[in-house]
Amino acid sequence: MFKLNLKIALRNLFRNKVYAAINIGGLAIGLTAFVLMLLYINHEESYDTWDAGLKNVYQIRERHSFFTPDNKEHLQESNESRVGNLIRQKVPQVIAVTKVDPDWDFRTDNSVSVGKAEPIAVNRMKDADSSFFHVFKYRFIQGSESKALSAPKSVVLKQSLAKRLFGEDIALGKVIKVLAWQGDEGTDLTVTGVVEDSATPETAGFTAIMRTGNRDRDPDNPTNSNYCQIYARVNNDTDLELLNQTLKKVYIDYKKSTAPFKKIEYRSYFADGKYLELKALPLAKVHGNRPFEISWLEKLKPVIAICIFLLLVSIINFVNLVTAQSVQRAKEVGVKKVMGAYKQQLIGQFLLECALQSIVALFLAVILIEVLLPSFNTQFHVELSFWYNPHLAGMLLQLFGLFTLVTLLAGFYPAWILSNYNPASVLKGNYGDSLRGVTLRNVLVVFQFIISVTFIIAISVMHLQTNYLNNKDLGFERSNLINIRSGYDQSLVDKIKRIPGVQYVATTTQVMGNTFNVPQEIEYNGNKISLNTVTISMDALSALGVKLLKGRVFSKEYKQDTINTVVLNEAAAKLIGKNPIGKSYKIINQDKMLNFQIVGVIKDYHNEGFDKGVLPTLYKVTHLGGTSSTNNLIVKLNSDKSAAIIEKIKTEWKRTYPDFLMEYTTLNTAFDKVLENNNRFISMIMLFSVVSVSLSLLGLFALSTFVAKRRTKEIAMRKILGASNMQIVGLLNKTFLVLVIIANLISWPVAYLVVGKWLSGFAYRIDMPLYPFLLATIVSIIIAVLTVSIQARKAALGNPVKALKYE
Amino acid sequence: MIQLNNIEKYYANKGVKNYVLRLVTTTIKQGEFVSIMGPSGAGKSTLLNIIGMLEEPTYGTYEFMGEDVTSLNERKRIELYRNHIGFVFQAYHLIDEMTVYENIEAPLLYKKVGSSERASRIADLLDRFNIVAKKDLFPNQLSGGQQQLVGIARALAAQPSIILADEPTGNLQSAQAEEIMELFKKLNQEDGITIIQVTHSEKNAQYGNRILHIADGVVKEDVTVA
């Protein structure tokens, strides 16, 4: 029976090739998007799953205000380094604790050299204490866990880095020289181990773990602190609740006992609603809960929604087509029923047919994924693979689940409709019953078009917004501007300045791509105003090419500029009031009152994503009232031969820092990066909309083919009665047009809400435009009419005699 | 074998009953070959459908092989289809996606007949109807008469005790029609299969041994063919 049903199914597929292709192809596309998303989710879920023992590893998080974007207290991944020892000594459940460098964004790569070889840049080399591999049990290919970091000045390499540095040679016992910044003299580290690359991504990822000795000690002065990440391995069967209670108690005791040494009132820890907190977070939960970041799941939610929609659209196509075609199968159902087939057997048969199509679609999807993965990976900066996936078995299980779900969703309704045919009437050729499900089919077509029209509206609005952002005046000149990851070293700056074609060399803590904001409260006319402070060198504003609105920018001609002058941006000037030039304000710094004079106002310029507004900011050259610095050395070129000039700068750099590589970025790249997330999102939506619209059209095409076929007799009759071809095309179009227009009416408000929400995420945005809505309606109507007309024309041109004779 | 008592079938339309069958009472015994005749719209097919349990009467009782089947549950009805009733249709109603062989095999699969038994029965039927050479063809590759032969072979495959045929020769040329009617006669006389057919043709009706004349839903005449 099964074999026969399978045969029938295959014969049916071959007989209706077009339908089968549309059905299977559509489903394959929907499945591809969905499976890609599954792969991505699996990738994110696979963080820190490379070893079963990691269930006993916890990340310690401390609540403090150091290095937070808003200067308020938050539970953070970086802890004061003393917490490490505290846990090691006072928490009984803990077996091992390690302190390791966090992933700072502003850190430069390390330069690593072996012997006399040219240095290479290596990122994510981290300094740790001796216990790192007691907590994270990596498999050692060379060396051993117990000896690896037992002595200072040692380093354990990941397999991939060892290969890069030493090729196939044994790395164990070799010495590498590591420089952490350009002025660093370098540290010689002995390779004491090589560990296997982990199969899945890691939160505490690294290319090498160094033990330079810096992480072994805490600062001697109790008022100084050093921040690092802390991970702990605990006993089997440790209760998280209990562990956290112990941590809290130990931490509070510690804070209480150390407060006097820090010259802090213990009570001040609790002022203004502040409180003390130290928590252990299971490693498995760390990746999904990064502080100051929207978790990947939140970010992915719109994509998940879209993928589910796409899959739904393709399933809807499937249901629609199968139900529509069911008339052709009615006779078979009738005959089988009078031969003694149970209803369940018939349902089983049709589900089998559906399963056959979905399995073919699934295979097609897998092929499509293989083809698409490389470009998907580059687009989303991930390394996904299907066949080499470490969780292939789980993946296949998910696919099987998906297959079952799709089969049931797509197959059950048609199977139910079919198996319910009344044999007495279908065998007489009365298919009146087949009109059942017409309403449902219409609803499904409307639903598909709602999705498509919404997509069309969304992409046109997104396109307008992107155009607006791309052409938006940034407030500074980003061309011919490069940013070298380096501090301001006067001797190097002088050398670079002498290179012909270099206009300005300067430093600032605020430039697109690397911004370090320092909040400060000023007092003006008795009012307290909170401003953002940026420390720059004399030429920085000129190098950036910002527009001066009033007064002047800094210049060497004014001695005062190195003493107590500031320049404000427009946003800050607005807070100060009218005519700020020449006015003074005060700040209180370490009990002293300091006076600053405002000498200029510049136009706001952008240094972060367009989701954020420009902060009211003051710019100063003077060291009065404290300074800050980050690795920004910006160089403005006034020549088009930037590549040649950059080469010259590199040569100068090499002469000054032979062992440390120069890293730089152009401001154009930095700008692209700011737009990157947005552009990526838009290109994805674009792709999805194309897919969704084509799926809907395929569905409409197949459905109209079917309707035209079913109404052959009616059309022939009408022609005999004198209807023109145009009238017949119009007749068939009318039915579908009504559906498309209904879909448009529904999608307008839906799109308005969804797109409005997306737009509101931008601090700088266009007003909701009207014409994308009109455009979507017109486009959807035109393509629907074209699609239906292809079929309608065929039906209209057919010879009526044939149609009427045929029975 | 079949006992119909006061069978009525009507459709209520705005309170008016439109009768298709009125007070039909008759008995059909095992081994009879009954032809139901009458003008279009007389209720012939409805009567056959009720006998075949494809439709339920609005009123009256129906006993099939001594069992009241007036309103039977689906499972029991399907059991009867599998074991006792074979249908033959005017439009043959072969399944287009199946070959001749598979079409004949289908009822045996539902009846769960073992594969060797199945093969021998089908071989037997193919042989008997002279269609061995056609066994791997699809219905649309056959002539109408051949298709109807396959249709009858399929109806016989499950070895039913009764065959219900709704104008089995209606779509056929007269030569082919004669062939089919001869076959029915042979099945009735040699295998003792009860046959009930609906027909328009007086000539075809003569092949049987009893004719029920129906007009406007009422049995007007019940004659035995000499």
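**Notes on helix packing and the A/B interface**

1. Let's start with helix 18 of chain A, which makes a right-handed crossing with helix 20 of chain A. Bear in mind that this is a predicted model. Helix 18 of chain A covers residues 667-710 and helix 20 of chain A covers residues 725-759. Their axes sit 13 Å apart, at an angle of about 165 degrees. Since angles over 145 degrees count as roughly antiparallel, that is how helix 18 of chain A runs relative to helix 20 of chain A.

2. Who touches whom here? From helix 18 of chain A, the contact uses A:N678, A:F681, A:I682, A:L700, A:L703, A:S704, A:V707 and A:A708. Helix 20 of chain A answers with A:L732, A:F736 and A:W758. Sorted by class, this contact between helix 18 of chain A and helix 20 of chain A holds nine nonpolar residues, two polar ones and no charged ones.

3. Helix 18 of chain A also packs on helix 21 of chain A, residues 771-797, with the axes 9 Å apart and an angle of about 25 degrees. An angle under 35 degrees counts as roughly parallel, so helix 18 of chain A is roughly parallel to helix 21 of chain A. The crossing of helix 18 of chain A with helix 21 of chain A is right-handed.

4. On the helix 18 side of that pair in chain A, the residues are A:V693, A:L697, A:L700, A:F701, A:S704, A:T705 and A:A708. They meet A:I783, A:A784, A:T787, A:V788, A:I790, A:Q791 and A:A795 of helix 21 of chain A. The class count for helix 18 of chain A with helix 21 of chain A is 10 nonpolar, four polar and no charged residues. If you are clicking through side chains, A:L700, A:S704 and A:A708 are listed in the contact with helix 20 of chain A and also in the one with helix 21 of chain A.

5. Now for helix 2 (residues 17-45) and helix 9 (residues 296-339) of chain A: their axes come within 9 Å and cross at roughly 160 degrees. These two helices of chain A are therefore roughly antiparallel, and their crossing is left-handed. The contact of helix 2 of chain A with helix 9 of chain A has 21 nonpolar, six polar and two charged residues.

6. Last, the interface: 26 residues of chain A contact 27 residues of chain B. Chain A and chain B bury about 2,600 Å² between them, with 60% coming from carbon and sulfur atoms.

Definitions and conventions:
Residues numbered from 1 in each chain as written. Chains lettered and ligands numbered in written order. Predicted model: local features only at pLDDT ≥ 70, side-chain atom pairs only at ≥ 80, totals over all residues. Heavy atoms only, no water. Axes fitted to C-alpha atoms, helices over the stretch in contact; angles between N-to-C directions. Helix = DSSP H or I, 4+ residues; strand = E, 2+ residues; numbered from the N terminus. Parallel < 35°, antiparallel > 145°, perpendicular 65-115°, else oblique. Left-handed = near helix turned anticlockwise from the far one by under 90°. Contact = heavy atoms within 4.5 Å. Nonpolar A, V, L, I, M, F, W, Y, C, P; charged D, E, K, R; others polar. Buried area = accessible area lost by both parts, 1.4 Å probe.
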